[in-house]
Amino acid sequence: MERLCGCGPYTCPVIDLHTHSRASDGTDDPAQVLEAAAAAGVRVVALTDHDTTAGWRQAAEAVGRTGVALVRGTEISTRARTADGGVSVHLLSYLHDPDDPALRAEWDRTRTSRMDRARRMVDLLAQDYPLTWDDVVEQTGDEATVGRPHLADALVVAGVVASRDEAFATMLHAGSRYYVGHYAPDVAGAVRAVVAAGGVPVMAHPGAGKRGRIVDDETIAALADAGLAGLEVDHRDHDAPTRDRLRALARDLGLLVTGSSDYHGTGKLNRIGEHTTAPEVLEEIEARGTLGVVRP
Ligand SMILES: [Zn+2]
Ligand SMILES: [Zn+2]
């Protein structure tokens, strides 16, 4: 593979810009994410829990002990408007002001809506399966919003399914009769809000067709005009042709290209550091962001 960085073969740092902790739907505490990174040889990790910055402080406290540098981030649930409803889009934001009022208001609204929808999904599931709200809360981190992965974990504990994947495939997917939607802000508005908060917006897994519908190239071009900084190209949900296509699109639009694991602890098969981002891309993200990288 083409080397883009100027580091020697043994000094090039392994950089993974997309992970989750128990502050959302990962299974590790924020500090454990950095420990897992250190154990895997990852030198820079971004913590990007869904619609929250709740894990940042604990993760930052683990930087000195683990020697792993921390990029503070958030994965924002958004929606791209289409003629026939909308497409769910995950937007990574890096190095934004965590106290920005507009971002906080949107995340509060999204989290409240996610909690309501989780309760409604549990009500529906409880009609057919041995599942209670308390079972689900037991699977959820202290500060985390209850999400479908926690419902899945509770269904595994109840013996209804064998794994999170099976739960999603059989009863938690968007087409299931147990599925309930939740509020999400418009993606172009979210891109502008991230930039206004001093953050660097990168679209997460833009070609992950297995997860559901994806946005077209025209939508991505419009988002680039709105301030989108990059595309997450190297991700396990993209096959080789999809990566080639996205890399070419990023080049055409002048967007940064990132690669990341989307690590969720034991919640998913994704191994921390399985995909990585070039050092000069991180440099550019840091130059544009209002916060710095927390270094050991
Ligand atoms: Zn995502
Ligand atoms: Zn993610």
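Which residues have the most contacts inside the largest nonpolar core? I put this to the model, which is a predicted one. The answer is Val45 and Leu91, in a core of 54 residues.

Entry 1: I listed the contacts of Leu91, leaving aside its neighbours within four places in sequence. I found Ile76, Thr78, Val187, Ala190, Val191, Pro201, Met203 and Ala204.

**Entry 2: strand S1.** I looked up the burial of S1, residues 15–19, and found 5 of its 5 residues buried. Its pairing with S2, residues 44–50, is parallel and runs over 3 bridges. Across this pair, I located Thr19 opposite Leu47 of S2. I followed the chain from S1 to S2 and saw that it passes through helix H1, residues 30–39, in a right-handed β-α-β crossover.

**Entry 3: helix H9.** I asked which residues of H9, residues 217–226, are buried. They are Ile220, Leu223 and Ala224. Viewed down the axis of H9, the buried residues fall within an arc of 105 degrees, and therefore they line one face of the helix. On the face turned away from that buried side I recorded the exposed residues Glu218 and Asp225. I next checked what covers the buried residues of H9; the cover includes helix H8 (187–196), strand S5 (200–203) and helix H10 (240–253).

Key: Residues are numbered from 1 along each chain as its sequence is written. Chains are lettered from A and ligands numbered from 1 in the order in which they are written. This is a predicted model: local features need pLDDT of at least 70, side-chain atom pairs count only at pLDDT 80 or more; totals for chains, interfaces and linings use all residues. A nonpolar core is a set of buried Ala, Val, Leu, Ile, Met, Phe, Trp, Tyr and Cys residues joined through C-beta atoms within 7 Å. A residue is buried if 20 or more other C-beta atoms lie within 10 Å of its own, exposed if 12 or fewer, and partly exposed in between; C-beta atoms are placed from the backbone. Two residues are in contact if their C-beta atoms, placed from the backbone, lie within 7 Å. Helices (H or I, at least four residues) and strands (E, at least two) are DSSP runs, numbered from the N terminus. Two strands pair if DSSP finds at least two bridges between them. A crossover is right-handed if, with the strands pointing away from the viewer, the path from the first strand over the helix to the second runs clockwise. The arc is that of the directions from the helix axis to the C-beta atoms.
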